[in-house]
Amino acid sequence: MTAPRTPAPAPAPAGESAEGDRLRDMLRTPGYLKLLVLCALIGIPVSLAAFWFLVALHQLEHVMWADLPEALGWNEPPWWWPLPLLLVAGVLVSLVVTRLPGAGGHIPASGLHAGGATSAALPGVVLAAVFSLPLGATLGPEAPLIALGGGLALLFRDLAQAPATPQSTVILAAAGAAAAISAIFGNPLVGAVLLMEVAGVGGPQLFAIMLPALLSSGIGELVFTGFGRWTGLSSGSLKLDLNAPFPRLDAGDVLWSVVLAAVMGVFMHVVLAGGRYAAVYVARRPVAHTAVCAVAAGAFGALYALVTGNSPVDVASSGQTVMSSLAADPQAWGVGALVAVLLCKGAAYALCLGSLRGGPIFPALFLGAAAGVLFAPLPGLGVVPGLAAGMAAAATSALRLPVSSVVLVVLLLGSGAMIPVVIISAVVAFVVTELLPPGPEVPPVGKAVGAPAPAAR
């Protein structure tokens, strides 16, 4: 009796086989392996530079919003405090944009970009971020960090006289950016996934960028952690400390998360469209209109402080520190304060997106967290599912990167218990935002325009 014959495995499709062959050929190429080593080496100085950059921003913000008011006799900034600071920010940023190479980096209203970093633009990127973020811009540090990491990586490559090719430029810039932003989110995985999704490539090209980005982000996290412990300095990484327990999800959580995601999709679309209109307005007369938008953003912070009696820092900042306190003690925020911070911070965020320099992630996460706490008393929802759904929806709408938004929110929560709500909210918000009519197109950096042009999807 003969044993049954094992059927031969079905041959792989020709396309998959060819793609796999290209990937193996790439990994066996001495030039690519040398590039991996170079990315690992470059990740160390880039991470150190990013660490000190973040520390400087954190310390300057503390000086402007805590030490200086205290030295002048106030326990906290008075209601009008954002107005002069943001006026100075608007004037200084406009000078950087109009007079230095690279125009201080890309306009935040155009979204998050990983490409286009150059060593020549580094001084303008650093100065624009220093003049924007510590002085009260409603933006985050992630976009300047991406430009800083990519520009430094290319600068070190040129100093080492390594061969410059289009492929090496893209890979080194992505690796440098991953090393720079790895610690700001508290986990190197977020930075690597974010940059891979921003790059928007697949197949062997995805692996070509993924491996250096993962390697550099891991090295960056090690450098950040070790250097932070050694110096005792804080770079202000984003981590949430939830006092509320993680509940078991039920039908109410899922249904309300869909509603919250749809509402946040519409709200964030309006905010981001406002940012694009602000960018068009600024492009007509960069110096004067940048100052006008910056002061208007400060006015919303002052209005919030007058109406609620809270600190204007709640509006005139990235929201990084305030969001941590909101998540830790949501009961301290009344309905009126939550509505006021959503409206005022949303308006200030839109104005800063089109005029100053920074990143879109942190304020979007705060707006989503505030909306989640506002929706939390609805029957069948709760604080933790509301936070998860709100942050996922707001981040996805602001970035148009659903995978990165899901990973970021799950890691911020520190648990996988809310993954279904996070995924559903991200998908709903992405679909809602994409179906809404587009706003105006963001003008090219540093180019004046006469009138807004329609956006093309």
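**View 1. How much of the protein is buried.** Of the 457 residues of the protein, 51% count as buried, where buried means under 20% relative accessible area, exposed over 50% and partly exposed in between, with a 1.4 Å probe and protein chains only. This is a predicted model, in which local features need pLDDT of at least 70 and side-chain atom pairs count only at pLDDT 80 or more, while totals for chains, interfaces and linings use all residues. Residues are numbered from 1 along each chain as its sequence is written, and side-chain values use heavy atoms, with hydrogens and water left out. The secondary structure comes to 16 helices and zero strands; helices (H or I, at least four residues) and strands (E, at least two) are DSSP runs, numbered from the N terminus. Contact means heavy atoms within 4.5 Å. Among contacts between residues at least 6 apart in sequence, 81% join residues at least 24 apart.

**View 2. Helix H3 against helix H10.** The axes of H3 (residues 82-99) and H10 (residues 286-308) come within 8 Å and cross at roughly 155°. That makes H3 roughly antiparallel to H10. Axes are lines fitted to C-alpha atoms, for helices over the stretch in contact, and angles run from 0 to 180 degrees between N-to-C directions. Angles under 35 degrees count as roughly parallel, over 145 as roughly antiparallel, 65 to 115 as roughly perpendicular and the rest as oblique. Residues of H3 that meet H10 include Pro-82, Leu-83, Leu-86 and Gly-90, and among their partners in H10 are Ala-294, Gly-298 and Ala-302. The residues of this contact of H3 with H10 divide into 13 nonpolar, six polar and no charged. Here Ala, Val, Leu, Ile, Met, Phe, Trp, Tyr, Cys and Pro count as nonpolar, Asp, Glu, Lys and Arg as charged, and the others, Gly among them, as polar.

**View 3. A close look at Gly-298.** Gly-298 lies in helix H10 and is buried, with a relative accessible area of 0%. Not counting residues up to four places away in sequence, Gly-298 touches Pro-82, Leu-83 and Leu-86. The C-alpha atoms of Gly-298 and Leu-135 are separated by 9.9 Å, although these residues are 163 apart along the chain.

**View 4. Helix H10 against helix H12.** Now turn to another partner of H10. The axes of H10 and H12 (residues 335-355) come within 8 Å and cross at roughly 170°. That makes H10 roughly antiparallel to H12. The contact is made by residues including Cys-293, Ala-297 and Phe-300 of H10 and Val-341, Cys-344 and Cys-352 of H12. Its residues divide into 15 nonpolar, three polar and no charged.

**View 5. Cysteines without a disulfide.** The structure holds zero disulfides, a disulfide being a pair of cysteine sulfur atoms within 2.5 Å. For Cys-293, the nearest cysteine sulfur, that of Cys-352, is 8.8 Å away. Cys-293 is buried, with a relative accessible area of 4%, and Cys-344 is buried as well, at 8%.

View 6. Val-97 is found in helix H3 and counts as buried at 16% relative accessibility. Leaving out residues up to four places away in sequence, Val-97 touches Ala-103 and Arg-357. Ser-311 lies in the loop between H10 and helix H11 (320-328), and is buried, with a relative accessible area of 14%. With residues up to four places away in sequence left out, Ser-311 touches Glu-76, Pro-77, Tyr-304 and Ala-305.
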